[in-house]
Amino acid sequence: MPDSASFGPTGEPRFDLMITAIAERTDRDAFAALFEHFAPRVKAYLLRLGMANAAAEDLAQEVLLTVWHKAATYDPSQAGASTWIFTIARNKRIDVLRRENRPALDPNDPALVQEPDALADEVVSASDQAKHIRAAIAELPAEQAELVRLAFYHDHAHGVIAEKTGLPLGTVKSRLRLALIKLRRALNDDDQPE
């Protein structure tokens, strides 16, 4: 039985004062009275929202446990005790719905599956190919090699390259076209059997 300070002048329970007693003195009697009054009402509220009986009972207990732990945050000037408690219940119900609607992770989702390591011969082949490309670029005239680097290594558009280099756009395009023709020839020559 909560102390007499938790009741109004006509003997009616003052739940706001009980919450304050919980916050200030961890008053177990006040909490027991609060629990006895609100737990069945919160459960009935959750049942009306469509929860199963056992789940509603568990959540009602969780709501009252939250009241116990968060009593110090209760501000009677903001809301009545029952409004505060039912707001907690509503928010807990929303949390449950969010958890239920969250899809389970699919372990076969391609975004979650790590790509297998490349085979050793593929790594060697890619490395050899990169060496041939670097050697072919090194054989280009310096201005064409620079344009190739800007276009393919830095992924700049032709217009951006023209701005960076101060060359007319047509010159950039024609030098890149010539550079690619030379690169293609050089790489095809490397692929020819000796």
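Me: Is the crossing of α2 and α4 left-handed or right-handed?
Reply: The model is predicted, so that local features need pLDDT of at least 70 and side-chain atom pairs count only at pLDDT 80 or more, while totals for chains, interfaces and linings use all residues. Residues are numbered from 1 along each chain as its sequence is written, and side-chain values use heavy atoms, with hydrogens and water left out. A crossing is called left-handed if the near helix is turned anticlockwise from the far one by less than a right angle, and right-handed if clockwise. By that convention, the crossing of α2 and α4 is right-handed.

Me: How do the residues of the contact of α2 with α4 divide into nonpolar, polar and charged?
Reply: With contact meaning heavy atoms within 4.5 Å, α2 contributes Leu34, Phe38, Arg41, Val42, Tyr45 and Leu46, and α4 contributes Ser82, Ile85, Phe86, Ala89, Arg90 and Arg93. Ala, Val, Leu, Ile, Met, Phe, Trp, Tyr, Cys and Pro count as nonpolar, Asp, Glu, Lys and Arg as charged, and the others, Gly among them, as polar. On that basis the residues of this contact comprise 8 nonpolar, 1 polar and 3 charged.

Me: What kind of aromatic pair do phenylalanine 38 and phenylalanine 86 form?
Reply: Rings of Phe, Tyr and Trp (its six-membered ring) pair if their centres lie within 6.5 Å, planes under 30 degrees apart being stacked, over 60 edge-to-face and the rest tilted. This rule gives a count of 6 aromatic pairs. Since the rings of phenylalanine 38 and phenylalanine 86 have centres 6.3 Å apart and planes at 65°, the pair is edge-to-face.

Me: Is phenylalanine 38 buried or exposed?
Reply: Buried means under 20% relative accessible area, exposed over 50% and partly exposed in between, with a 1.4 Å probe and protein chains only. Phenylalanine 86 has a relative accessible area of 23% and is therefore partly exposed. At 2% relative accessibility, phenylalanine 38 counts as buried.

Me: How many residues apart are tyrosine 45 and phenylalanine 86?
Reply: Tyrosine 45 and phenylalanine 86 form an edge-to-face pair, 5.4 Å centre to centre with 85° between the planes. The pair links distant parts of the chain, with tyrosine 45 in helix α2 and phenylalanine 86 in helix α4, and their separation is 41 residues.

Me: Which helices do the buried residues of α1 pack against?
Reply: In α1, the buried residues are Phe15, Asp16, Met18, Ile19, Ala21 and Ile22. Phe15 also forms one aromatic cluster with Phe38, Tyr45 and Phe86. The partners against which the buried residues of α1 pack are α2, α3 and α4.

Me: What is the phi of threonine 26?
Reply: Threonine 26 lies in the loop between α1 (15-25) and α2. Although threonine 26 is not a glycine, its phi is positive, at about 40°.

Methods
Helix = DSSP H or I, 4+ residues; strand = E, 2+ residues; numbered from the N terminus.
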